[in-house]
Amino acid sequence: MDRIPSVDLKDFISDDPIRKQKFIDDIGKAYEDIGFVALKGHFLDDTLVDNLYDEVKNFFNLPLEVKESYEVPGIGGQRGYVSFGKESAKGKKEGDLKEFWHFGQYVEDDEARRKEYPENVTVNELAQFNEVGKQTYKMLEKTAKYVLRALALYLNLEETYFDNFIHNGNSILRPIHYPPITEEPKNAVRAAAHGDINLITLLMGAQGRGLQVQRHDGEWIDAIAEPDELMINVGDMLSRHSNNKLKSTIHRVINPPRELWGTSRYSIPFFMHPISEMKLDVLDSCIDEDHPKQFEDITAGEFLTERLIELGLIKK
Ligand SMILES: O=C(O)CCC(=O)C(=O)O
Ligand SMILES: [Fe+2]
(Lines give C-alpha, C1' and ligand atoms only; values in the text may rest on other atoms or scores of the structure.)
(Ligands and ions follow the chains in the order given, each with its own letter.)
Protein backbone atom coordinates (compact mmCIF):
# COMPACT_ATOMS: atom_id res chain seq x y z
CA MET A 1 0.00 0.00 0.00
CA ASP A 2 1.64 3.26 -1.04
CA ARG A 3 -1.19 5.65 -0.35
CA ILE A 4 -3.78 5.99 2.37
CA PRO A 5 -7.15 4.45 1.35
CA SER A 6 -10.22 6.66 1.23
CA VAL A 7 -13.70 5.82 2.63
CA ASP A 8 -17.03 7.66 2.84
CA LEU A 9 -18.96 7.65 6.13
CA LYS A 10 -22.19 8.24 4.17
CA ASP A 11 -21.91 4.61 3.03
CA PHE A 12 -22.00 3.41 6.64
CA ILE A 13 -24.90 5.66 7.60
CA SER A 14 -26.93 4.83 4.47
CA ASP A 15 -29.81 2.37 4.75
CA ASP A 16 -28.21 0.19 2.09
CA PRO A 17 -26.75 -2.93 3.78
CA ILE A 18 -24.32 -3.50 0.90
CA ARG A 19 -22.83 0.01 1.16
CA LYS A 20 -22.72 -0.30 4.94
CA GLN A 21 -20.86 -3.63 4.81
CA LYS A 22 -18.44 -2.29 2.19
CA PHE A 23 -17.52 0.60 4.51
CA ILE A 24 -16.93 -1.84 7.40
CA ASP A 25 -14.75 -4.12 5.25
CA ASP A 26 -12.77 -1.25 3.71
CA ILE A 27 -11.98 0.53 6.95
CA GLY A 28 -11.26 -2.74 8.78
CA LYS A 29 -8.84 -3.91 6.09
CA ALA A 30 -7.12 -0.51 5.97
CA TYR A 31 -6.68 -0.63 9.75
CA GLU A 32 -5.30 -4.18 9.66
CA ASP A 33 -2.75 -2.99 7.15
CA ILE A 34 -1.68 0.69 7.28
CA GLY A 35 -3.71 1.86 10.31
CA PHE A 36 -4.93 5.06 8.56
CA VAL A 37 -7.85 6.06 6.31
CA ALA A 38 -8.94 9.36 4.76
CA LEU A 39 -12.64 9.82 5.49
CA LYS A 40 -15.28 11.89 3.70
CA GLY A 41 -18.91 12.33 4.64
CA HIS A 42 -18.16 13.42 8.24
CA PHE A 43 -20.28 15.84 10.28
CA LEU A 44 -18.15 19.00 9.97
CA ASP A 45 -19.46 21.68 7.66
CA ASP A 46 -17.24 24.10 5.73
CA THR A 47 -18.31 27.20 7.65
CA LEU A 48 -17.46 25.59 10.99
CA VAL A 49 -14.07 24.47 9.67
CA ASP A 50 -13.29 27.96 8.26
CA ASN A 51 -14.32 29.61 11.53
CA LEU A 52 -12.23 27.20 13.55
CA TYR A 53 -9.08 27.87 11.51
CA ASP A 54 -9.63 31.64 11.81
CA GLU A 55 -10.03 31.39 15.57
CA VAL A 56 -7.08 29.04 16.00
CA LYS A 57 -4.83 31.38 14.02
CA ASN A 58 -6.09 34.33 16.07
CA PHE A 59 -5.23 32.46 19.25
CA PHE A 60 -1.69 31.52 18.26
CA ASN A 61 -1.13 35.13 17.05
CA LEU A 62 -1.78 36.47 20.57
CA PRO A 63 1.30 37.75 22.43
CA LEU A 64 3.23 34.96 24.17
CA GLU A 65 2.52 36.35 27.64
CA VAL A 66 -1.23 36.22 26.94
CA LYS A 67 -0.98 32.62 25.70
CA GLU A 68 1.13 31.67 28.71
CA SER A 69 -1.53 33.06 31.03
CA TYR A 70 -3.69 30.16 29.78
CA GLU A 71 -1.15 27.51 30.73
CA VAL A 72 -2.56 25.59 33.72
CA PRO A 73 0.04 24.07 36.08
CA GLY A 74 -0.44 20.60 37.55
CA ILE A 75 -2.83 19.04 35.01
CA GLY A 76 -0.31 17.61 32.55
CA GLY A 77 -1.34 20.09 29.86
CA GLN A 78 -4.77 18.45 29.59
CA ARG A 79 -6.63 21.77 29.13
CA GLY A 80 -5.64 25.20 27.85
CA TYR A 81 -2.28 26.15 26.36
CA VAL A 82 0.94 24.09 26.12
CA SER A 83 3.92 26.20 25.05
CA PHE A 84 6.50 25.57 22.33
CA GLY A 85 8.87 22.62 22.76
CA LYS A 86 7.24 21.24 25.91
CA GLU A 87 6.03 17.88 24.58
CA SER A 88 8.47 15.29 23.30
CA ALA A 89 7.67 11.94 21.71
CA LYS A 90 8.06 8.83 23.90
CA GLY A 91 11.77 8.03 24.20
CA LYS A 92 12.97 11.30 22.63
CA LYS A 93 14.65 14.13 24.55
CA GLU A 94 14.26 17.00 22.04
CA GLY A 95 10.86 18.71 22.32
CA ASP A 96 8.63 18.81 19.22
CA LEU A 97 8.60 22.13 17.30
CA LYS A 98 5.00 22.94 18.20
CA GLU A 99 2.66 24.78 20.58
CA PHE A 100 -0.93 23.67 21.12
CA TRP A 101 -4.26 24.13 22.86
CA HIS A 102 -6.54 21.52 24.45
CA PHE A 103 -10.33 21.56 24.52
CA GLY A 104 -11.70 18.73 26.70
CA GLN A 105 -15.05 17.04 27.30
CA TYR A 106 -18.22 19.08 27.94
CA VAL A 107 -20.03 16.96 30.55
CA GLU A 108 -23.64 18.04 30.83
CA ASP A 109 -25.43 15.04 32.39
CA ASP A 110 -23.15 13.52 35.03
CA GLU A 111 -21.91 15.56 37.98
CA ALA A 112 -19.33 13.00 39.19
CA ARG A 113 -17.81 12.71 35.73
CA ARG A 114 -17.71 16.49 35.35
CA LYS A 115 -15.67 16.73 38.55
CA GLU A 116 -13.25 14.04 37.34
CA TYR A 117 -11.95 16.20 34.47
CA PRO A 118 -10.09 19.51 34.61
CA GLU A 119 -12.34 22.39 33.51
CA ASN A 120 -12.08 23.81 30.02
CA VAL A 121 -10.17 27.09 29.88
CA THR A 122 -11.93 30.18 28.43
CA VAL A 123 -9.96 32.61 26.27
CA ASN A 124 -11.20 36.10 27.16
CA GLU A 125 -9.57 37.92 24.24
CA LEU A 126 -11.42 36.00 21.51
CA ALA A 127 -15.20 36.09 21.50
CA GLN A 128 -15.71 33.07 19.20
CA PHE A 129 -12.77 30.79 19.99
CA ASN A 130 -14.40 28.91 22.87
CA GLU A 131 -17.76 28.29 21.19
CA VAL A 132 -16.30 27.25 17.84
CA GLY A 133 -13.99 24.82 19.65
CA LYS A 134 -16.96 23.30 21.48
CA GLN A 135 -19.01 22.86 18.31
CA THR A 136 -16.10 21.23 16.50
CA TYR A 137 -15.49 18.93 19.46
CA LYS A 138 -19.10 17.73 19.33
CA MET A 139 -19.10 17.13 15.57
CA LEU A 140 -15.83 15.20 15.64
CA GLU A 141 -17.05 13.16 18.60
CA LYS A 142 -20.19 12.28 16.64
CA THR A 143 -18.11 11.31 13.59
CA ALA A 144 -15.85 9.15 15.76
CA LYS A 145 -18.85 7.38 17.30
CA TYR A 146 -19.95 6.12 13.89
CA VAL A 147 -16.43 5.07 12.93
CA LEU A 148 -16.20 3.06 16.17
CA ARG A 149 -19.59 1.48 15.43
CA ALA A 150 -18.19 0.25 12.11
CA LEU A 151 -15.07 -1.07 13.85
CA ALA A 152 -17.19 -2.82 16.51
CA LEU A 153 -18.99 -4.71 13.73
CA TYR A 154 -15.66 -5.49 12.05
CA LEU A 155 -14.46 -7.03 15.36
CA ASN A 156 -17.69 -9.09 15.64
CA LEU A 157 -18.97 -7.05 18.59
CA GLU A 158 -22.38 -5.39 19.05
CA GLU A 159 -22.60 -2.29 16.84
CA THR A 160 -23.02 -0.05 19.91
CA TYR A 161 -20.26 -1.77 21.94
CA PHE A 162 -18.16 1.43 22.28
CA ASP A 163 -21.09 3.85 22.79
CA ASN A 164 -21.20 3.70 26.59
CA PHE A 165 -17.41 3.87 26.88
CA ILE A 166 -17.15 7.03 24.80
CA HIS A 167 -20.17 8.91 26.17
CA ASN A 168 -18.53 11.63 28.33
CA GLY A 169 -15.15 10.08 27.46
CA ASN A 170 -11.86 11.86 28.11
CA SER A 171 -11.43 12.98 24.47
CA ILE A 172 -9.31 15.99 23.56
CA LEU A 173 -9.41 18.43 20.64
CA ARG A 174 -5.89 19.74 20.02
CA PRO A 175 -5.30 22.66 17.63
CA ILE A 176 -1.54 22.64 16.93
CA HIS A 177 0.65 25.43 15.56
CA TYR A 178 4.03 24.52 14.12
CA PRO A 179 5.66 27.98 13.81
CA PRO A 180 8.06 29.09 11.08
CA ILE A 181 11.51 27.57 11.56
CA THR A 182 14.11 30.27 12.20
CA GLU A 183 17.31 28.30 12.82
CA GLU A 184 18.73 24.85 12.01
CA PRO A 185 16.63 22.53 14.22
CA LYS A 186 19.45 19.99 14.86
CA ASN A 187 17.59 16.86 15.98
CA ALA A 188 14.17 18.40 16.55
CA VAL A 189 11.26 17.91 14.15
CA ARG A 190 7.74 19.28 14.04
CA ALA A 191 6.42 16.01 15.48
CA ALA A 192 8.80 13.11 16.13
CA ALA A 193 7.74 9.56 15.23
CA HIS A 194 5.05 8.32 17.62
CA GLY A 195 1.90 6.23 17.99
CA ASP A 196 -1.21 7.96 19.37
CA ILE A 197 -2.33 6.94 22.86
CA ASN A 198 -6.12 6.91 22.41
CA LEU A 199 -8.77 4.72 20.64
CA ILE A 200 -8.86 6.59 17.31
CA THR A 201 -7.63 10.01 16.12
CA LEU A 202 -9.50 12.25 13.66
CA LEU A 203 -7.12 14.74 12.11
CA MET A 204 -8.11 17.99 10.42
CA GLY A 205 -5.45 19.76 8.38
CA ALA A 206 -3.59 16.91 6.66
CA GLN A 207 -4.11 18.55 3.27
CA GLY A 208 -0.53 19.74 2.73
CA ARG A 209 2.71 17.75 2.90
CA GLY A 210 4.19 17.06 6.30
CA LEU A 211 2.42 14.08 7.84
CA GLN A 212 4.10 10.76 7.10
CA VAL A 213 3.12 7.22 8.04
CA GLN A 214 5.48 4.26 8.43
CA ARG A 215 4.57 1.10 6.54
CA HIS A 216 5.39 -2.41 7.86
CA ASP A 217 8.48 -2.53 5.63
CA GLY A 218 9.86 0.60 7.35
CA GLU A 219 9.21 2.96 4.38
CA TRP A 220 7.67 6.35 5.17
CA ILE A 221 4.79 7.45 2.94
CA ASP A 222 3.08 10.85 2.75
CA ALA A 223 -0.42 10.97 4.22
CA ILE A 224 -2.28 13.72 2.38
CA ALA A 225 -6.05 14.20 2.57
CA GLU A 226 -8.44 15.86 0.10
CA PRO A 227 -9.94 19.17 1.26
CA ASP A 228 -13.16 17.46 2.44
CA GLU A 229 -11.43 14.54 4.18
CA LEU A 230 -10.31 13.83 7.72
CA MET A 231 -7.35 11.53 8.30
CA ILE A 232 -8.41 8.89 10.85
CA ASN A 233 -6.01 6.49 12.52
CA VAL A 234 -5.97 3.77 15.16
CA GLY A 235 -4.35 4.63 18.51
CA ASP A 236 -2.56 2.37 20.98
CA MET A 237 -5.66 1.80 23.16
CA LEU A 238 -7.61 0.23 20.29
CA SER A 239 -4.57 -1.67 19.12
CA ARG A 240 -4.19 -3.25 22.60
CA HIS A 241 -7.92 -4.00 22.88
CA SER A 242 -7.93 -5.73 19.49
CA ASN A 243 -4.67 -7.65 20.16
CA ASN A 244 -3.03 -5.53 17.44
CA LYS A 245 -5.48 -6.74 14.75
CA LEU A 246 -6.15 -3.02 14.19
CA LYS A 247 -2.76 -1.31 13.88
CA SER A 248 -1.63 1.84 15.66
CA THR A 249 0.83 2.98 13.03
CA ILE A 250 3.87 5.12 13.80
CA HIS A 251 3.65 8.55 12.16
CA ARG A 252 5.51 11.88 12.26
CA VAL A 253 5.44 15.44 10.92
CA ILE A 254 8.63 16.27 9.04
CA ASN A 255 10.15 19.74 8.78
CA PRO A 256 9.47 21.48 5.48
CA PRO A 257 12.30 22.06 2.97
CA ARG A 258 14.41 25.14 3.77
CA GLU A 259 12.63 27.41 1.27
CA LEU A 260 9.38 26.81 3.19
CA TRP A 261 10.80 27.30 6.70
CA GLY A 262 8.97 30.64 6.84
CA THR A 263 5.51 28.99 6.77
CA SER A 264 3.45 27.80 9.71
CA ARG A 265 1.58 24.51 9.78
CA TYR A 266 -1.77 24.23 11.55
CA SER A 267 -3.34 20.87 12.23
CA ILE A 268 -6.18 19.91 14.54
CA PRO A 269 -6.33 16.33 15.83
CA PHE A 270 -9.25 15.04 17.89
CA PHE A 271 -8.04 12.25 20.16
CA MET A 272 -10.99 9.99 20.96
CA HIS A 273 -10.58 8.60 24.48
CA PRO A 274 -13.04 6.43 26.42
CA ILE A 275 -13.98 6.94 30.08
CA SER A 276 -11.09 6.09 32.42
CA GLU A 277 -12.69 2.86 33.75
CA MET A 278 -12.87 1.20 30.32
CA LYS A 279 -10.91 -2.03 30.40
CA LEU A 280 -8.52 -2.29 27.47
CA ASP A 281 -7.99 -6.01 28.14
CA VAL A 282 -7.55 -7.93 24.90
CA LEU A 283 -10.96 -8.97 23.51
CA ASP A 284 -11.58 -12.74 23.57
CA SER A 285 -12.69 -12.55 19.95
CA CYS A 286 -9.18 -11.38 18.99
CA ILE A 287 -7.34 -14.29 20.64
CA ASP A 288 -6.75 -17.69 19.02
CA GLU A 289 -3.95 -20.19 18.50
CA ASP A 290 -2.26 -18.04 15.88
CA HIS A 291 -2.85 -14.82 17.82
CA PRO A 292 -1.94 -15.32 21.48
CA LYS A 293 -2.75 -12.50 23.90
CA GLN A 294 -0.04 -9.84 23.43
CA PHE A 295 -0.90 -7.22 26.08
CA GLU A 296 -1.38 -7.06 29.85
CA ASP A 297 -4.78 -6.06 31.24
CA ILE A 298 -4.97 -2.31 31.92
CA THR A 299 -7.67 0.37 32.16
CA ALA A 300 -7.77 3.41 29.88
CA GLY A 301 -7.09 5.72 32.84
CA GLU A 302 -4.00 3.78 33.95
CA PHE A 303 -2.68 3.61 30.41
CA LEU A 304 -3.14 7.35 29.85
CA THR A 305 -1.26 8.25 33.05
CA GLU A 306 1.61 5.95 32.08
CA ARG A 307 1.91 7.62 28.68
CA LEU A 308 1.62 11.23 29.90
CA ILE A 309 4.63 10.55 32.16
CA GLU A 310 6.56 9.19 29.16
CA LEU A 311 5.70 12.31 27.11
CA GLY A 312 7.10 14.59 29.82
CA LEU A 313 3.68 16.14 30.48
CA ILE A 314 3.27 14.83 34.03
CA LYS A 315 5.86 14.06 36.69
CA LYS A 316 6.00 10.70 38.46
O1 LIG B 1 0.12 17.63 12.73
C2 LIG B 1 -0.19 16.55 12.24
O3 LIG B 1 -0.51 16.45 11.05
C4 LIG B 1 -0.18 15.27 13.05
C5 LIG B 1 -0.08 15.50 14.53
C6 LIG B 1 -0.05 14.22 15.31
O7 LIG B 1 0.25 13.17 14.81
C8 LIG B 1 -0.40 14.24 16.73
O9 LIG B 1 -0.54 15.34 17.29
O10 LIG B 1 -0.55 13.16 17.33
FE1 LIG C 1 -0.24 11.53 16.18
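**Exercise 1.** Which residues does UniProt list for "domain: Fe2OG dioxygenase"?

*Solution.* The unreviewed UniProt entry gives residues 168–274; positions follow the numbering used here, feature names are shortened, and annotations may be inferred rather than shown by experiment. This is a predicted model, where local features need pLDDT of at least 70 and side-chain atom pairs count only at pLDDT 80 or more, while totals for chains, interfaces and linings use all residues. Residues are numbered from 1 along each chain as its sequence is written, with chains lettered from A and ligands numbered from 1 in the order in which they are written. Next, look at the span 168–274: its end C-alpha atoms are 8 Å apart, with 6% helix and 35% strand (DSSP runs numbered from the N terminus: helices H or I, at least four residues; strands E, at least two).

**Exercise 2.** Find the elements that give two or more residues to the shell around ligand 1.

*Solution.* Start with the residues around ligand 1 (C-beta atom, placed from the backbone, within 6 Å): among them are Asp 196, His 251, Val 253, Ser 267 and Pro 269.

**Exercise 3.** Trace the open sheet of four strands.

*Solution.* Its order is β7-β12-β9-β10, with antiparallel pairing (strands pair if DSSP finds at least two bridges between them). At the edges, pairing on one side only, are β7 (191–194) and β10 (220–222). Now zoom in on β9 (residues 211–214), which three bridges join to β10. There, Gln 214 stands opposite Trp 220 in β10.
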